[in-house]
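Please look over the chain shown below before reading my points.

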Amino acid sequence: MTDEDEAAFDEFLAARSTALLRTAILVCGASATDAEDMVQSALEKVYRHWPRIRHDNPEAYARRVVVNGAISRARRRRVIKEITFAQPPETPVESPDLGLRDVLVAELRKLPARMRAVLVLRYWEDLSEAETAALLGCSVGTVKSQAARGLARVRARMENLEGVSA
């Protein structure tokens with residue numbers, strides 16, 4: 001790589017590594033250590049292909065590597081009994097919705113990997129249906145159906161929780 005490529009990669013790394021870690025934690029449903037490993041692997045791939053991808057959209061490439069790694073990891077595991085989950089970084093301590101966020105994140109962990117990835121990319125990362133579909137390598141219809149089913153599951157579980165506590 002040229003010095004210009006190295007400088008551009010360093011700038012990308014400084015600007016986007018925290019966002020990639022947050023995405024990895026949410027999509028993977030894993031501990032911070034596992035998410036850091038996944039981000040490290042993604043950044044290694046980005047670095048190897050940097051001269052080719054730097055002018056396109058390196059963040060989307062890195063995010064796709066993280067998401068694909070999370071889905072592959074979930075497929076390898078037949079039964080996931082318990083997943084430890086760390087708090088996403090950059091969370092203000094004084095946020096009044098910490099309890100609700102924790103409940104939502106716990107419900108998100110219970111979803112299958114692909115459905116979880118769709119919800120995180122669509123609603124947490126605020127990507128469009130087309131961007132999410134392109135990132136996951138599926139159709140827009142799949143994104144729509146997975147998002148609808150995932151939201152329905154989370155809503156149903158949240159209503160059950162409200163019914164128990166009331």
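**Notes on the fold and on helix H1**

1. Read along the sequence, the chain runs in the pattern α-α-α-α-α-α-α-α, with eight helices and zero strands. Helices (H or I, at least four residues) and strands (E, at least two) are taken here as DSSP runs, numbered from the N terminus.

2. Please keep in mind that this is a predicted model, in which local features need pLDDT of at least 70 and side-chain atom pairs count only at pLDDT 80 or more, while totals for chains, interfaces and linings use all residues. Residues are numbered from 1 along each chain as its sequence is written, and side-chain values use heavy atoms, with hydrogens and water left out.

3. Of the 166 residues in the chain, 40% are buried, where buried means under 20% relative accessible area, exposed means over 50%, and partly exposed lies in between (1.4 Å probe, protein chains only). Among the contacts in the chain with a separation of 6 or more, 69% are between residues 24 or more positions apart, a contact being heavy atoms within 4.5 Å.

4. Helix H1 covers residues 3-28 and has a kink of about 50 degrees centred on Arg16; the bend at a residue is the angle between axes fitted to the seven residues ending there and the seven starting there. After H1 comes Gly29, whose phi is positive, near 60 degrees.

5. How do H1 and helix H6 cross? The axes of H1 and H6 (residues 113-124) come within 8 Å and cross at roughly 140 degrees, which makes H1 oblique to H6. Axes are lines fitted to C-alpha atoms, for helices over the stretch in contact, and angles run from 0 to 180 degrees between N-to-C directions; angles under 35 degrees count as roughly parallel, over 145 as roughly antiparallel, 65 to 115 as roughly perpendicular and the rest as oblique.

6. Where H1 and H6 meet, Arg22, Leu26, Val27 and Cys28 in H1 touch Arg116, Ala117, Val120 and Trp124 in H6. The residues of this contact divide into six nonpolar, no polar and two charged, with Ala, Val, Leu, Ile, Met, Phe, Trp, Tyr, Cys and Pro counted as nonpolar, Asp, Glu, Lys and Arg as charged, and the others, Gly among them, as polar.
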